[in-house]
Amino acid sequence: MTVPRHSALVPALYRVGEVYRELPDTVTLRLVPESGRRPPYTPGQFNMLYAFGVGEIALSISGEGAEESFLHTVREVGAVSTALARLGVGARVGVRGPFGTGWPAVQDTDVIFVAGGLGLAPLRPAIRRVLAGRGHYGRVAILFGTRHPAEMLYLQELEHWRQRLDVDVSVTVDHADALWHGNVGVVPALIARTTFDPNRSVAMVCGPEVMMRFAVGALREAGVPDERIYLSMERNMKCAVGLCGHCQFGPEFICLTGPVMRFDRIASLFSTREI
Amino acid sequence: MKSLDSILRELPFFAGLDEEHARLVGGCARNCRFEPGQYLFHEGDPADEFFLIREGKVALDVVVPGQEPVVFSTLGEDEVVGASWLVPPYHWKFDARATSLTRALGIDAACLRRKCEEDHDFGYLMMKRFLPVFVKRLHTTRLQMFDVYRKR
């Protein structure tokens, strides 16, 4: 039985099962349904999380945990995200979802994940899915860029991925001191240094939109066709069911035809100002 | 044993270079090896030799008074270390330090500049190879400056 949903507009009750401190201002919440089972989801989809008395925001699903739970990684930015990030174990939260499109479930291809900052969160379930079925893919590369070595999301899991011999993990930071022995520079620059077959690759990209623009440029330069590039777009999601129009992106509503969108379908909108 | 000309032509950066031009560049080149932590050059030094990394990794950093040096870029295989050799006054504007065992081709900058001056067709070909590298770096530096991951 799944969590009863009277409608997509009524939140279901969840409780915080665990809080994982990722960074000083970022936590991952494990959310367990108060009754029934959590609904199925596709990596890349999002939920609307309601901090009671404060408000509701869209948050990508960053994985699944024990007790049929959702994982959501949240950074303290505004009032709602700060309220969510400060919830303790046992606290209640409203959840609507999952909504939107997910990352493509491809097989027999090379897979290139390009993540910037918190953009690793929506990609993590897709990365886990690919690594769980590693034999079904060609080369797999995880390219991750962040601001500073001290702001590295999912540090332990990154290290675990890095230790695997069947995954090419490259991490870069914008700035570092001499103690950092990894890459320094922007994440799109890692694309040219990565070995993959552009014609049989699928690229999944998530991060700040400016970063994604540069990443798309680097992927195209490497020869990846537009229809093999997927981006997770972010707009101001409110209703999440295509009614309110807050997340409009040209003729699209990100909550319905996104957040994961194929680049060739949005290429003409992607660098249009005011959209 | 392979000549430097033939090594050059095997490097992706110089792919497609004809034999004559490879000989011209090769005449200015030497093989170099840097241990981890060893500096390729320091800020303020004359930019009389630049490097094409064959293997290894190099960090570019700037000394900030009273602080640890700030690393602003790392370069790897088949990447060019240094642009200041191309423009007067030919002095490095940052430090370059090997972060792992690094093998590189060192190219005598004055020698290459002279050959470019003597043969403008060759010079133009060289510029067509180096300029895109530096323009791309300018673009990525801009992205780095945007500080896109900061809290908004």
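Which residues in H4(B) are buried? In this predicted model, they are Met126(B), Leu143(B) and Gln144(B). Part of what covers these buried residues comes from another chain: H5 of chain A is included, together with helix H3 of chain B, residues 109-118.

Let me describe the helix itself. H4(B) runs from residue 120 to residue 146 and has 27 residues. From its first C-alpha to its last it reaches 38 Å, close to the 39 Å expected at 1.5 Å a residue. Just after the helix, Asp147(B) takes a positive phi of about 55°.

I turn now to the interface between the chains. Here 23 residues of chain A are in contact with 21 residues of chain B. On the side of chain A that touches chain B, at least two residues each are supplied by strand E11 (176-177), strand E12 (183-184), helix H4 (188-191) and helix H5 (209-221) of chain A. H5(A) gives the most, with three residues. By class, this side of chain A divides into twelve nonpolar, seven polar and four charged residues.

Strand pairing also links the two chains. E11(A) pairs with strand E5 of chain B, residues 70-75, in the antiparallel sense over two bridges. Asp177(A) stands opposite Val70(B) in E5(B).

Within chain B, an open sheet of four strands has the order E1-E8-E3-E6, with antiparallel pairing. Strand E1 (29-34) and strand E6 (80-81) of chain B each have a single partner strand, so one side of each is left without a neighbour in the sheet. For E6(B), the pairing with strand E3 of chain B, residues 49-55, extends over two bridges. In that pairing, Phe51(B) stands opposite Val81(B).

Finally, chain A. Its domain assignment gives domain 1 (12-99) and domain 2 (110-270). The centres of these domains, taken over C-alpha atoms, are separated by 22 Å. How many residues of each domain are in contact with the other? The count is 16 residues of domain 1 and 17 residues of domain 2 of chain A. On the domain 1 side, strands E1, E3, E4, E6 and E7 of chain A give two or more residues each. E7(A) gives the most, with three residues. The domain 1 side has seven nonpolar, six polar and three charged residues.

Thank you for your attention.

Note on methods. Residues numbered from 1 in each chain as written. Chains lettered and ligands numbered in written order. Predicted model: local features only at pLDDT ≥ 70, side-chain atom pairs only at ≥ 80, totals over all residues. Pairing = 2+ DSSP bridges. Contact = placed C-beta atoms within 7 Å. Nonpolar A, V, L, I, M, F, W, Y, C, P; charged D, E, K, R; others polar. Expected span 1.5 Å × (residues − 1). Buried ≥ 20, exposed ≤ 12 C-beta atoms within 10 Å, placed from the backbone. Domains from an automatic or database assignment.
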